[in-house]
Each structure stands twice: as C-alpha cells, then as structure tokens.
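This briefing looks at two places in one protein chain.

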Amino acid sequence: MNIKKSSIKELENLCAKIREEILRVVSKNGGHLSSTLGATEIIVAMHEVFDSKKDPFIFDVSHQSYAHKLLTGRWDAFDTLRQFNGISGYTKPNESEHDYFVAGHSSTSISLGVGAAKAIALKGEQDSRVPVVMIGDGSMTAGMVYEALNELGDRKYPMVIILNDNEMSIAKPIGAISRMLSSAMASPFYQSFKRHTENFVDNFGESAHYIAKRMEESLKLITPGILFEEMGINYIGPVDGHNLSSLIEILQKAKELKKPVIVHVQTLKGKGYQIAEGKEEKWHGVGPFDLDSGNSSKKSSSKSATQIYSEALLHLAKHDKKIVGATAAMPSGTGLSELMELFPDRFWDVAIAEQHAVTSMAALAKEGFKPFCTIYSTFLQRGYDQIIHDTCLMNLPVVFALDRAGIVGEDGETHQGAFDISFLRAIPNMTLFAPRDEKSFHQAMAFAAQYKYPCSLRYPRGSFMESSLPESLPFELAKSQLLRSNTSDILFIGYGNGVGRAYQSAEFLEVEVSILDLRFVKPLDENMLRELSKKHKKWFVFSDSAKMGGVGSAILEFLAKEKILNVSVESFEYEDSFITHGNTKLVEESLGLLPHQLAKKVEILVESSK
C-alpha cells in the first residue's frame, strides 16, 4: 500500500488493521501494548508526511514503534516479534534501513535528533532532510531531554519533535480555542506575520519591543506551550492524536517551518482495545494474554525474586521508620507499589530520573535515613556518576537493589542486566553481595538494612534457580557459605542466582564436586578461598553477569595477589558481547549456559587438563 497516495479513509482503515495485527501478535508473544496502540495514527501520519529512508525517524525508547515496523516491510515477520532469532521489540538498524538508531532506554531521542540535525546541516542537506523525533510524556521527566532542548533552542536546527502525551501529564487541552490557535500558530500566515512583526519592531526602541513581546506572551498563555517557546522552540498543540486528517495537516505545516518545533499530540493509551484503554502501567508491557478477557495466559507457581524483595522490604519498613526508598518510573516492576501505598511519605516514584533517584537517596542517607534505591540493573547504568560522586565518595549507606540482574529475555540487548557487578566492583567503599533463594534474600535484606556503608544486592527477573539448596545462614560481611564439601579436585563457586545454576549443573556430573555460595564478591571471603585452594585445584565460576570485570575476575585478582599459582579458574559468565533478545531459556541455550551444557563443558575441561 502506498501511504502517500492513499485517502484519509484508506489510512484510517490501515490504522485499524495495524491495531488488529499488534493485538494478535502481542497477545501471543507478549510485548509493549498500550503505548504502541495509542501511537498508531501518529506513526501513519509520520510516514505520510516524511520519508523514513532519508528523514531520521527517531523513536524514544522505541517500544511504541510496532506500527512503524509493520509499515516498513516487516508485516510478514511480525509474528516473530521479540522471539529468539525474530524481530526486535525495539528499533534496530541492522534489522531495517528504516530504523535510524538502536533504542531501549528513555529520553535519548532529542539528543539524537540534535546530533542528526547538526550532521544534516554540515552536509548541506537541510532542504531535503529533517529529523523527526517521537517522544512520550513520560520520557520528558528525564533531565537529558532538557539538555538537548536547551541547545536546540539556541542553535535553531530544523527538527520536528512529536510529543506523544498519553497521560495528560504536560497539559490539558483547552477546547476549541486551543485547537484553533494551534492550527493558526502553525500556519504560514502566522509565522510570516510573526517574522514581519519582529523585523518591524527592530526599527523602533525598547518600548516597541516590550509591547510586542507582551502581546505575544498574552497569546501564548492560553496555550500550554509557553515553556518550549521560552526555550526558543516553536510549539503547536495540543492536537488530537487520533484525528488522522488533522495530524497530517499539522505535521506538514511543522515540516514547512524549517525550524525546531514541538507538536504536542494527545493520545489514549491502549486505543482500540477497550480493556487496556486509559490504563497506565498494567498494560504498558505484557506477557501473553487472552484477547477476549485480557487475562494472562501464563501462571507462575514460583514466587518471583521481585515479590520476595517487596515482602522483605515491607517487613523491614514496618519495623523501622528510618527505612525509605525510591524507584525510577517502575513501581510495580520493582515491587515498590505496595510500599508507596502504605508509606507514601517514605517511598517515592521519582519518574524516569535515575540520576536524581540516586543523589536524592544519598541526601536522605546523610540525614540519617536508610534508603533502598530500587532500580533495574540495566537502568542503574544511567546513574553511575551519582553512585561514585554522591554516594560512595561520601561513604553513605544507600542500598542499591538491582532487579532484573542477568538475562531478561525478550527485551534483549538494551535491557540485559549483565554489567552491574563489573561497573560497581570498581568503586571504592562499595560492597556487593547477592542472595541465592528466598530465605537468603530475607537474610541479605536484613544485613543491608543495618549496614552502615554503600552496598548493592542483585537478583534475577522471575524466580531463582533453586535446586534443593541447603539451609541459608545469616549474612555476615565478607563471609561465604560452603554448601557441599568433598575430596574432589573440583570446586563450583556460585554467586547469587549462579548458585542454583551450579547446583543444577552438578546434578549432570558423575563426579562429586564441592559447592561454595560466594555471597560477597566485594569484599571476598579471602580466608575461605585460601583454604579451598589447598583442597581444590579446578575452580568453576557460575554467575549471571559479564565475564569481564565480573566474579571470575575478582577471584583471579585474589589468586594473583596471594600468588596462588596451582589453581585454574574457568568462568561461565557472559562473554564480551551484547546478548540478543528471546525466550531466556533459548538465549541461555545459544550461549551454552544451560546446566547440562555447563556440565559437559566441565567434563571436557577436566579431561583435557589430565
């Protein structure tokens, strides 16, 4: 279908077909739903007005880009969305020439747009190309957006920013007058009038400038765009995000302005699927579900690590009023929703602002409180300087609880929680530890609550890899727990969820092995490791983390420092590459990390060393 030659009615029918396909596939595969349904008309209008082969189409986070994928040659492949070896749930340039940039974390889009606009200007292509950015109102809570807007308003590069406001968090519509003014302010007449007026008052004194400015500001006050206008960026809106004809008209006018312009579009989350319409977090990202009822298709019998964390923190918070906490726009995903309801003055969602979350918790620690900063492993990367500068430099007792540590499945490269051990271990004053199961998690939380220095604990998405693990002992600083001991030359060292992986791998071996729950990767239990080096010469490390700078590296550093030369170490952590998306088990199988695969590797390595 040639979008640019289609009638409005044909495009509206196309939007309906796109929504049907998104619902069909997401109900089967899982994925992001409410935001991508709400953005359908915007994306169709973008493709009608602009050219995604030459105009950089930049989707913030890009979880709302499913309609874009369907319009750019991936309709037949859409059944494989988020599946192993299938198409990504985010934009991915090596998947299609229509995908300008990889995205998965929020609030990067306007900076990318500014960079693209600079390149277009340097190439002398401003008459034929323009960056088109689509960003949600949630992403506007991050500071990086305003850093980019600040420069854009100063440099005045041509760029069209579509602000997809699906929760009315920027401004409420102001009826027919606002709609009329939005269209008028985008029109060539208004822009020409404004330009000629500016030229006219330049010939007069300060009083003329003052009067003209006051008149313009009075006009803008009845629109919600004064913030952007004051930053030097033209504002159009609010616009009905489901009125395709109006969207196309406004985007065409925005394109013709040859200036930086924000088009404020209001949409309904979940549009076209009544069960999800208007719902905020529940239908943002979903697993497979029944289309008729909206009920989840999968029921898990095991308690998730997130649920265990929530229960443990709730128990601690009920008994200690000094315990506080924050999350960055993921209250239900991190298990903080119930705590925010019960203790609204002590637990906060600070929006998509990891840097602010870390630094604000550091100040609370300074004031004598005990903060639990609860953030996905992949998102804590965004607050790294704040961990160093605002927390560890002051040696403040903030607890960093890292959800989704390890492989997270269908979200893929941008979300895998692989790097937290590597980047946190290098920071002075930081303590790193991890639970292996439900009981040890409660004990780890009890330790964290009384610990007087910065610390971090990590835990997986979903359930722990339990395998009839021995009874957990209370956590003590730099103390490991030897779970199984024998005379074999082989020692399995597990960290966090890696303990269950080590135990399950051992079940596939004919030879008995000793198994150590390391518990602390910083500081290490050096006494235990020193003693074990006298009994076991072949060590194998199990941890759901990057190999470079990870648990194996920490152990090798210790052995080198102690000049222990008779021990060989093989780490089964992730190799130095980004990990693809797909079902977690299939991804782990492709990496050779399933227990039976690891057992086979151990057998081969042991045999080859004889």
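Helices H12 and H18 cross in a right-handed sense. The model they belong to is a predicted one.

- H12 covers residues 305-319 and H18 covers residues 438-450; their axes come within 10 Å and cross at roughly 40 degrees.
- On the H12 side, the contact is made by Ala 305, Ile 308, Tyr 309, Glu 311, Ala 312, Leu 313 and Leu 316.
- On the H18 side, these residues meet Glu 438, Phe 441, His 442, Met 445, Ala 446 and Ala 449.
- Sorted by class, the contact between H12 and H18 has 10 nonpolar residues, one polar residue and two charged residues.

**Strand E16 and its partners**

- Strand E16 spans residues 514-517 and pairs with E14 through three bridges, the two strands running antiparallel.
- E14 is made up of residues 481-484, and its Leu 482 has Leu 516 of E16 as bridge partner.
- E16 is also joined to strand E15, residues 490-494, by four bridges, and these two strands run parallel.
- Phe 492 has Ile 515 in E16 as its bridge partner.

**The two faces of E16**

- In a regular strand, side chains alternate between the two faces of the sheet.
- In E16, Ser 514 and Leu 516 lie on one side, while Ile 515 and Asp 517 lie on the other.
- These four residues are all buried, so both faces of E16 are covered.

Terms used:
Residues numbered from 1 in each chain as written. Predicted model: local features only at pLDDT ≥ 70, side-chain atom pairs only at ≥ 80, totals over all residues. Heavy atoms only, no water. Axes fitted to C-alpha atoms, helices over the stretch in contact; angles between N-to-C directions. Left-handed = near helix turned anticlockwise from the far one by under 90°. Contact = heavy atoms within 4.5 Å. Nonpolar A, V, L, I, M, F, W, Y, C, P; charged D, E, K, R; others polar. Buried < 20%, exposed > 50% of the residue type's maximum accessible area, 1.4 Å probe, protein only. Pairing = 2+ DSSP bridges.
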